[in-house]
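Here is a short briefing to read alongside the model. Have the sequence and the structure open as you go through the points.

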Amino acid sequence: MGTILLKNINIDGQVRDMLIDRGLIARICPAGEVVLSAQGADAEIVDCSGKTALPGFVNMHTHAGMAMMRGIQEDTEFGDWIKNIWRIESKIDERFVYWSSKVAALEMIKTGTTTFNDQYWFSPAARRAALEMGIRPVVSYVILDKSGPWENVRQQEECIRLYEESRSWDDASRFAIAFHAIYSVSEPMILWAAQFARDHGLRLHIHLSETEEEVRGCQEDHGGLSPVQYLDQLGVLDERLVAAHSLWLSEEDIRILGERKVNCVHNINSNLKLASGYHFYYEELRDAGANVCLGTDGCASSNNLDMLEAMKTTALLQKAWRRDPKAMPLQELLDTATRNGARALGINTGVLEEGREADLLIVDTDSTFFLSPGSFLANFIYSAHSDCIDSVIAGGRFVMRGRRVEGEEEILKEARKVLKQII
C-alpha cells in the first residue's frame with residue numbers, strides 16, 4: 001500500500017493537500033505545505049484542482065447478492081414480493097452470489113460507497129467479491145428458520161464455523177450475525193443469535209418494524225407488544241444492533257430504541273417502492289439517542305445501490321411529510337450516509353480527518369450542477385448525480401479513476417453468463 005498526495009483538493013470549502021500513507025489520512029494542510037521526505041519519493045502525486053473530497057459512503061443495509069435480481073418482481077405487495085423472492089433464492093448458489101456481489105461492488109464504487117453492511121446467503125462469496133474490488137464488506141451469517149428451504153439446516157453449527165473462520169481474516173472485512181426478522185425466525189434462534197453476537201463482540205443485523213403488517217402480527221402473537229417492545233423484552237436491543245427500516249414505530253418504540261442506543265437504518269427507496277411507508281421518524285430517533293444511518297436495501301426492492309439518490313429522496317420526503325423545509329439539514333444528511341454508519345460498525349472512517357482510514361470520494365465540479373453560488377453539498381445532493389464522482393479511494397488506494405474501475409467489462413460479461421443460467 002503506497003503513498004498518495006492529493007494536491008489542491010477542496011475540503012470543507014478550502015483548497016488543501018491531503019497525504020495518504022499506509023491506508024490512513026496522514027496529513028491535511030493548506031495547499032503547498034506538504035513536503036515529501038526521502039521515504040515518500042515514490043509517492044503518487046495527483047493534482048485535484050477543481051475537485052472536492054468527501055468521505056466515502058457507508059451503506060448500512062443491503063443484500064449484495066441480489067444485484068442481479070433487479071426488476072424481476074415489480075408492482076407487488078410486500079407479502080407476495082418476499083414469498084416470490086424466497087422462491088427465486090431457493091435456486092441460487094455460491095457462484096451466483098459471488099458474481100452478483102461483484103456487480104454490486106462495481107455499482108457501489110461507481111456511486112461512492114466504500115463500506116457496506118451486507119445481509120445475504122453465501123456470505124464468504126460476497127466477502128471475496130468485495131475485497132477483490134477493493135471495498136470493505138461487513139458480511140453476516142443469516143439465520144432464518146420459520147419458512148423456506150432453510151428449516152432443517154443446522155444453522156448454529158454453520159454460524160459458529162464461519163465465525164471461527166473469520167477470526168483469521170487479516171483484511172478490512174468484518175463478520176456479523178443476522179437474523180432476518182421476528183416473523184421469519186423463531187424465538188429460540190433470536191435469543192441464540194443475540195447471545196452469540198454479544199459473547200463475541202459482533203454486530204447483530206436485523207430487519208425491524210418494516211411494515212405495518214409486521215407490527216400487527218407481532219402484537220397478535222405477543223400480547224400486544226410491538227416488534228421493538230418484544231425484542232426489548234428478550235434483551236436483544238443494544239448499541240451493537242443494526243435495525244434496518246425501523247419504520248413503523250410508536251412513541252414508546254422510539255424511546256426504547258434511543259435508550260438502548262440502537263443503530264436505526266433508513267431505507268427510503270425500498271420502503272417507497274414496496275409501499276411499506278414513508279413516515280420515518282428521523283428527528284425523533286435522533287433526539288431520543290438512537291444512531292440514525294442510511295442504506296439502499298437490495299436491488300430487488302430499491303433497484304439500485306446509489307447512496308446519493310437515497311440521500312436526496314430521504315431529505316425530500318422528510319421535508320414533505322413534516323411540512324418543514326428546514327427538516328434534514330445538509331450536514332446531518334451527509335452524516336447519516338458516512339459518519340453515523342462508521343460509528344455503527346465501529347470502524348475508523350466516515351470523516352476526512354488525520355488518522356482516519358482513507359476512504360473518500362473525489363467529486364468533479366466542472367459541470368452545470370456546480371456552477372451556482374449555492375453550497376457544494378446542496379449542489380452535490382440536490383442537483384448532481386453520482387456520475388459526478390470522478391474517483392474513489394478505499395483503504396488508501398484508488399478503486400476508481402476517471403470513472404473507470406479495473407475489470408468492469410469482465411464482471412459484466414461473467415454476470416450475464418451466470419444470470420442466463422439461473423433466471
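A residue counts as buried when its relative accessible area is under 20%. Cys29, at 3% relative accessibility, is therefore a buried residue. Please keep in mind that this is a predicted model.

**Cysteines and disulfides**

- A disulfide is a covalent bond that joins the sulfur atoms of two cysteines.
- To be counted here, the two sulfur atoms have to lie within 2.5 Å, and by this rule the number of disulfides is zero.

- You will find Asp118 in strand S7, which covers residues 113-118.
- Asp118 is buried yet has no salt bridge; Arg127, the nearest side chain of opposite charge, is 11 Å away.
- What does the side chain of Asp118 have by way of backbone nitrogens? The backbone nitrogen of Ala64 is 2.7 Å from one of its polar atoms.
- The backbone nitrogen of His63 also lies 3.5 Å from a polar atom of the Asp118 side chain.
- Leaving aside residues up to four places away in sequence, Asp118 touches Thr62, His63, Ala64, Ala126, Val138, Val139, Ser140 and His205.

Terms used: Residues are numbered from 1 along each chain as its sequence is written. This is a predicted model: local features need pLDDT of at least 70, side-chain atom pairs count only at pLDDT 80 or more; totals for chains, interfaces and linings use all residues. Side-chain values use heavy atoms; hydrogens and water are left out. Helices (H or I, at least four residues) and strands (E, at least two) are DSSP runs, numbered from the N terminus. Buried means under 20% relative accessible area, exposed over 50%, partly exposed in between (1.4 Å probe, protein chains only). Lys and Arg count as positive and Asp and Glu as negative; His and the chain ends are not counted. A salt bridge is a side-chain nitrogen of Lys or Arg within 4 Å of a carboxyl oxygen of Asp or Glu. A polar contact is a pair of N or O atoms within 3.5 Å; within protein, one must be able to donate a hydrogen and the other to accept it, and residues adjacent in sequence count only if both atoms are side-chain atoms. Contact means heavy atoms within 4.5 Å.
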